[in-house]
Amino acid sequence: MKDKLGVAVIGTGFWGRNHARVYRELAETELLAICDVDAERAKSVAKQFGVKPYTNAARMLRNEDIEAVSVCTWSTSLAKEAIRAAEAGKHVLVEKPMAADVKQAEKLVETVERKGVYLTVGFLMRFIPGLRHIKKAIETKEIGELVCATAKRVSQWPERIGDVGVVKDTAIHDIDVILYLFNEDPVAVYAKTGAMRYKRFEDYAQMMLTFEGGKSAFIESNWLTPYKTRVLTATGSEAIMTLDYITQELTVENAKETMRPRYPMQEPLKLELQHFANCITKKEKPLITGLDGLKALKIAQAALKSSATGKIVKLK
Ligand SMILES: NC(=O)c1ccc[n+]([C@@H]2O[C@H](COP(=O)([O-])OP(=O)(O)OC[C@H]3O[C@@H](n4cnc5c(N)ncnc54)[C@H](O)[C@@H]3O)[C@@H](O)[C@H]2O)c1
């Protein structure tokens, strides 16, 4: 057995380049090739990492030494490329939002199940140590009973104009985190979204998810705020926990004191790709499954429907 997992990256723009860099840095993986439809980009990124460039993923996937791929293309091409890679027998890490719509995501999940390959989705927040602390505090009841959570992820207009709006591009991170923390599916979603600067897609969204027993979560996302804020607050009956995703600082407050448990700052992408590689070699279930991606996308789509119709969308 080889000691390193052979990997490749499809789509090497801003984020795919980071995947390539981390795969090069990790002891567990060997970056063998990259692919980008932009030939100049493919050439320069491949040169930077000393690997073979491709502009055609199908050709690259014929290389049997490539066991796993990261798919980091534009959001509307993610599912197509991930399905192609899975059909070629490769394990797949597909970036969020996994697919442009639920139908494509379902096809991807069906393909990986049929091919027996691993699938995980790039919900990076899950690898931030402070979020793991909050999850554990919910499981051990250190937080008491989880009552509600709020997530705020706002920033100015992104440099690269994407091909999906702020709900599927940005709020989807928080949708996934909320599902992870509550560990159950919401019963309903109500949302208001709008397009202020760029008419093609919504650039602001406020959404509320409700759960059984009166629990709820609120998510605020936009590309309109001139500064960047990415904060999560989980309120329990015994404590409130606030995580700043940017600084990775965690604050725990209860009736008596305020604490700041500290974790060494870690690059979440490194943890994510390491976990992906380890799951494949050790045959373990990934922290984030294709089904998690599918669920998050369903809620994103329900939020957009709620906003378009002005109605609460019941999910159960
Ligand atoms: N998890 C995270 O925190 C995180 C952060 C940033 C971006 N992303 C995701 O990563 C993806 C890429 O985002 P980005 O900011 O790097 O975009 P980008 O526009 O900088 O890069 C996308 C690249 O993919 C290439 N490409 C498009 N379709 C392709 C195809 N079919 N085959 C090969 N190459 C193709 C483009 O030429 C481009 O170089 C998006 O889906 C985005 O949602 C995730």
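In what sense do strand β12 and strand β13 pair, and over how many bridges? Before I answer, a word on the basis of this presentation. The model is predicted, so local features need pLDDT of at least 70 and side-chain atom pairs count only at pLDDT 80 or more, while totals for chains, interfaces and linings use all residues. Residues are numbered from 1 along each chain as its sequence is written, and side-chain values use heavy atoms, with hydrogens and water left out.

To the answer. Strand β12 (residues 240–244) and strand β13 (residues 249–253) pair in the antiparallel sense over 5 bridges. Strands here are DSSP E runs of at least two residues, helices are H or I runs of at least four, and both are numbered from the N terminus. Two strands pair if DSSP finds at least two bridges between them. D244 stands opposite E249 in β13. The hairpin of β12 and β13 has 4 residues between the strands, and Q248 takes a positive phi near 65° there.

β13 also has a partner in strand β14 (residues 258–259), to which 2 bridges join it in an antiparallel run. The bridge partner of V252 in β14 is M259. β13 and β14 likewise form a hairpin, with 4 residues between them.

Next is helix α7 (residues 166–182), where H173 has its place. Is H173 buried or exposed? H173 counts as buried because its relative accessibility is 11%. Leaving aside neighbours within four places in sequence, H173 is in contact (heavy atoms within 4.5 Å) with K96, G122, F123, L124, M125 and R153.

Finally, the axes of helix α6 (residues 129–139) and α7 come within 9 Å and cross at roughly 30°. α6 is therefore roughly parallel to α7, a term for angles under 35 degrees. L131, I134, K135 and I138 of α6 make the contact with V177, Y180 and L181 of α7.

Key: Buried < 20%, exposed > 50% of the residue type's maximum accessible area, 1.4 Å probe, protein only. Axes fitted to C-alpha atoms, helices over the stretch in contact; angles between N-to-C directions. Parallel < 35°, antiparallel > 145°, perpendicular 65-115°, else oblique.
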